[in-house]
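Work through these exercises with the structure in view. Try each task before you read its solution.

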Amino acid sequence: GGVVIISEPLRWRGATRRAGRVIAVRGQGNGLEVVWESFGPEANARMGERVHVVSDVTGDGVPDVVATARADGDRVTVLLDGATGTLLGGSALGVGATESTFGEAFAFGRLVPNVPVAYAYGAPRASEVARRDGAVYLLDLANNTFEAITLGDEGDEVGQSLAILPQAGLPADTLFVGSRGADYVQVLDRG
């Protein structure tokens with residue numbers, strides 16, 4: 001059967017407070033079988049506050065998992081191998097000044113022209129001067145770039161939600177960006 005990803009961001013690991021846990025389970029008889037589990041790397045990491053299944057990044061044919069965790073109070077995202085739950089080395093990604101909202105929303109698709117897959121991370125409370133403008137961050141692994149796009153005005157909290165509209169025949173998909181404070185949806189179209 002299929003695998004379901006479950007998160008427990010407040011889960012303790014032995015004496016380690018609130019490390020958090022992401023687990024993959026599948027139906028087995030009348031119960032559930034744990035396929036793998038991955039704990040946050042430190043106390044108060046709260047791994048799994050947000051969890052997203054993504055395309056196969058590792059090349060093993062199994063979709064992989066992006067999960068949020070906390071490092072020194074800031075939220076980061078980590079990449080987990082979808083087959084084993086192994087935290088992939090060097091995969092922690094985050095930015096400062098986000099008031100722990102980096103990865104609040106997540107989407108992936110052809111967001112950069114002629115690149116098969118890029119990743120968008122919403123950080124609705126990101127701001128250079130704590131105004132809660134919000135931002136969207138684009139990660140393009142093919143070209144090794146990480147770009148911040150600030151789309152909001154003071155208090156908009158842009159990046160609260162993200163959605164992709166595939167654009168067949170065009171060089172890039174369309175990214176829709178929602179916010180808490182604005183009364184409209186913004187469109188990022190690079191095609």
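**Exercise 1.** Which residue in β6 is the bridge partner of valine 65?

Solution. The model is predicted: local features need pLDDT of at least 70, side-chain atom pairs count only at pLDDT 80 or more, and totals for chains, interfaces and linings use all residues. Residues are numbered from 1 along each chain as its sequence is written, and side-chain values use heavy atoms, without hydrogens and water.

Step 1. Find the strands, which are DSSP runs of E of at least two residues, numbered from the N terminus. Strand β5 covers residues 64-71, and strand β6 covers residues 74-80.
Step 2. Check the pairing, which requires at least two DSSP bridges between two strands. β5 and β6 pair in the antiparallel sense over 7 bridges.
Step 3. Read off the partner: valine 65 bridges to leucine 80.

**Exercise 2.** Why is strand β6 largely enclosed by the rest of the structure?

Solution. Step 1. Apply the cut-offs: buried is under 20% relative accessible area, exposed is over 50%, and partly exposed is in between (1.4 Å probe, protein chains only).
Step 1. Of the 7 residues of β6, 6 are buried, so the strand is largely enclosed.

**Exercise 3.** What is the strand order in the open sheet of 4 strands?

Solution. Step 1. The order is β8-β9-β10-β11, with antiparallel pairing.
Step 1. β8 (105-109) and β11 (145-149) are the edge strands, and each pairs on one side only.
Step 2. Take one pair. Strand β10 (residues 135-140) meets β11 over 5 bridges. Within it, valine 136 has isoleucine 149 as its bridge partner.

**Exercise 4.** How many aromatic pairs are there?

Solution. Step 1. Set the rule: rings of Phe, Tyr and Trp (its six-membered ring) pair if their centres lie within 6.5 Å; planes under 30 degrees apart count as stacked, over 60 as edge-to-face and the rest as tilted.
Step 1. The count is 8 aromatic pairs.
Step 2. Phenylalanine 102 and tyrosine 121 are stacked, at 5.1 Å centre to centre and 15° between the planes. Phenylalanine 102 lies in the loop between β7 (93-94) and β8, and tyrosine 121 in strand β9 (residues 118-123), so the pair ties together parts 19 residues apart in sequence.
Step 3. Both phenylalanine 102 and tyrosine 121 are buried.
Step 4. The rings of phenylalanine 102 and phenylalanine 146 have centres 6.5 Å apart and planes at 65°, so this pair is edge-to-face. Phenylalanine 146 is partly exposed, at 34% relative accessible area.
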